[in-house]
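Student: I am new to this molecule and would like a close look at one part of it. Please take a single helix and describe its surroundings in one connected account.

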Amino acid sequence: MVRGRQQPRELIENRVSFAGPSSELSVYDTYLPAERVGLSAGELLYCGMITGRKIMHAQNNYAAEFLPRESFVMAPGEHVEIDFPDARMESPTSCLTIEIARDRVENICSRLNSAAPLQREFEDWRYRPDSLIHTRHSPATQELLQRLVTTFTENSSDRDFLVDLGVSELVVRMLREQMRTFLLKVCANNPEVNGLGAVIHHIQSHLDQPLDTEQLSRIACMSRSRFYAEFKQHLGCTPAEFQQHLRMQSAKDRLARGESVTRVCFDLGYRHLSHFSRRFHQQFGVSPKQYRDQNVS
């Protein structure tokens, strides 16, 4: 995935780095099993798994698997400890990180607040260091990371310009992911915070039902066109995409508890098991049955 790798100098967290404007890409390869290897972030650190598996130990007793096609974001000053249970010489565990200067993140937040301001009940765009980001990549984010790796490691006259554009897009995607989580918490605590909050709560509470755009517009007290514009501005997706995201997260949680694939499928409003299974595989890389069997002992 990364050109220019050399023979490792270290067998645990061997690092190869490429500098960019207000950012730095590093690729870490680990060739031996290890436990509680420390990693600290001086600036915001966006981590993406490439191959293998890690166990991430973070603040507040957080411990979770970190798998390929997932992101884990470390706040400036944060420290984590990492286990490498599966690392081998012939199949190293590999991860990339992109270190992004905090003033770069603040500048992007300022531009978002000018270009796409949020409703006052939802505060401003800002990075929230107390809100953990550990999420599955969307196809667009996965494609962006692959493009960034190529751009960081190439030697061309417009390299820095393209790196700058790619890192800005990555920060916006990260902020939107965190904003979705924040809005869900706000609406869980106060479903009637405003019209848009009432819509978010309604979708979350009726995952088994098809969306009715006219009903959602009435709940939001907005015209249909304004509702769609406000929803996409705040959540970065359409109502249907948002419902699909929530359905998949609910399916994942319920299957991990050992619930029946068929029951989860129909409880979440899918009419056909094949459609549900295809959606789940696209999102998580395994079938619902495989996921349940892997997570239920």
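Student: At what angle do helix H4 and helix H6 pack, and how far apart are their axes?

Tutor: This is a predicted model, in which local features need pLDDT of at least 70 and side-chain atom pairs count only at pLDDT 80 or more, while totals for chains, interfaces and linings use all residues. Residues are numbered from 1 along each chain as its sequence is written, and side-chain values use heavy atoms, with hydrogens and water left out.

Helix H4 (residues 195–205) and helix H6 (residues 224–235) pack at about 75°, and their axes are 11 Å apart. Helices (H or I, at least four residues) and strands (E, at least two) are DSSP runs, numbered from the N terminus. Axes are lines fitted to C-alpha atoms, for helices over the stretch in contact, with angles from 0 to 180 degrees between N-to-C directions. H4 is therefore roughly perpendicular to H6 (65 to 115 degrees; under 35 is roughly parallel, over 145 roughly antiparallel, the rest oblique).

From H4, the residues Leu196, Val199, Ile200 and Ile203 meet Phe227, Glu230, Phe231, His234 and Leu235 of H6, contact meaning heavy atoms within 4.5 Å. The residues of this contact comprise 7 nonpolar, 1 polar and 1 charged. Nonpolar covers Ala, Val, Leu, Ile, Met, Phe, Trp, Tyr, Cys and Pro, charged covers Asp, Glu, Lys and Arg, and the others, Gly among them, are polar.

H6 itself has 12 residues and reaches 16 Å from its first C-alpha to its last, close to the expected 16 Å at 1.5 Å a residue (the expected span is 1.5 Å times one less than the number of residues). An α-helix has 3.6 residues a turn, so residues three or four places apart point the same way.

After H6 comes Gly236, with a positive phi near 70°.

Two of these partners can be followed further. In H4 lies His202, which counts as buried because its relative accessibility is 16%. Apart from neighbours within four places in sequence, His202 is in contact with Gln215, Leu216 and Ile219. H7 has 18 residues and spans 26 Å from first C-alpha to last, close to the 26 Å expected at 1.5 Å a residue. Its buried residues include Pro239, Phe242, Leu246, Met248, Ala251 and Leu255, and among them are also Arg247 and Arg254. Just after H7, Gly258 has a positive phi of about 95°.

Asn295 is found in helix H10 (residues 288–295) and is partly exposed, with a relative accessible area of 36%. By contrast, the C-alpha atoms of Ser225 and Cys47, 178 residues apart along the chain, are separated by 37 Å. Cys47 lies in strand S4 (residues 44–51) and counts as buried at 2% relative accessibility.

Note on methods:
Buried means under 20% relative accessible area, exposed over 50%, partly exposed in between (1.4 Å probe, protein chains only).
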